[in-house]
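Here are my notes on this one, as promised. Have a look at the structure first, then read down the points.

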Amino acid sequence: ESVCFRHDPRLQWPSLQYFTREQVDTIYSNVQCPVCLIMAEDGWPFGSRERESVSNLLRPVHIKTLPGSHHFHADNDEAEAVFREVIAFLER
């Protein structure tokens with residue numbers, strides 16, 4: 001037996017809708033539940049100012065930066081660490 005991973009190729013099409021920074025900030029600032037913010041060291045290329053802005057708007061109660069890339073939650077080597085952080089957040 002073998003495994004074949006598939007995805008919808010439409011996921012790679014350009015988006016028809018992109019949010020402006022102001023729209024994203026408005027969405028983030030209206031989040032009213034506890035937030036867990038887990039970032040990858042080599043993840044999406046956000047500058048320190050953007051990370052600080054997101055953190056200030058979301059007001060996460062659990063923040064962690066872990067080794068890994070943008071898809072660290074799906075990487076065999078890093079997924080367990082992500083899982084442990086999510087469980088720690090949920091058990092608060």
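Predicted model: local features only at pLDDT ≥ 70, side-chain atom pairs only at ≥ 80, totals over all residues.

1. Which residue forms a salt bridge with Glu80? The partner is Arg84, and the closest N and O atoms are 3.2 Å apart. For this note, a salt bridge is a side-chain nitrogen of Lys or Arg within 4 Å of a carboxyl oxygen of Asp or Glu.

2. Residues are numbered from 1 along each chain as its sequence is written, and side-chain values use heavy atoms, leaving out hydrogens and water.

3. Back to that pair. Glu80 and Arg84 both sit in helix H3 (residues 79–90), 4 residues apart, or about one turn of the helix. Helices here are DSSP runs (H or I, at least four residues), numbered from the N terminus. Glu80 is exposed, at 52% relative accessible area, and Arg84 is partly exposed at 48%. The cut-offs are under 20% for buried, over 50% for exposed and partly exposed in between (1.4 Å probe, protein chains only).

4. The count comes to 3 salt bridges. One of them joins Arg21 to Asp25, with 3.2 Å between the closest N and O atoms. These two are 4 residues apart in helix H1, so about one helical turn separates them. Arg21 is partly exposed at 35%, and Asp25 is partly exposed at 22%. Asp8 and Arg10 also pair through their side chains, at 2.5 Å from N to O; Asp8 is partly exposed at 29%, whereas Arg10 is exposed at 54%.

5. Arg21 and Asp25 turn up again where helices meet. The axes of H1 (residues 21–29) and H2 (residues 48–58) come within 8 Å and cross at roughly 35°. On the H1 side, the contact (heavy atoms within 4.5 Å) is made by Arg21, Asp25, Tyr28 and Ser29, and on the H2 side by Glu50, Ser53, Val54, Leu57 and Leu58. Those residues divide into 4 nonpolar, 2 polar and 3 charged.

6. Last, the inside. The largest nonpolar core has 5 residues: Ile38, Ala40, Leu66, Phe72 and Val82. Such a core is a set of buried Ala, Val, Leu, Ile, Met, Phe, Trp, Tyr and Cys residues joined through side-chain atoms within 4.5 Å. Leaving aside residues up to four places away in sequence, Phe72 touches Ile38, Met39, Ala40, Leu66, Pro67, Glu78, Ala79 and Val82.

Key. Axes fitted to C-alpha atoms, helices over the stretch in contact; angles between N-to-C directions. Nonpolar A, V, L, I, M, F, W, Y, C, P; charged D, E, K, R; others polar.
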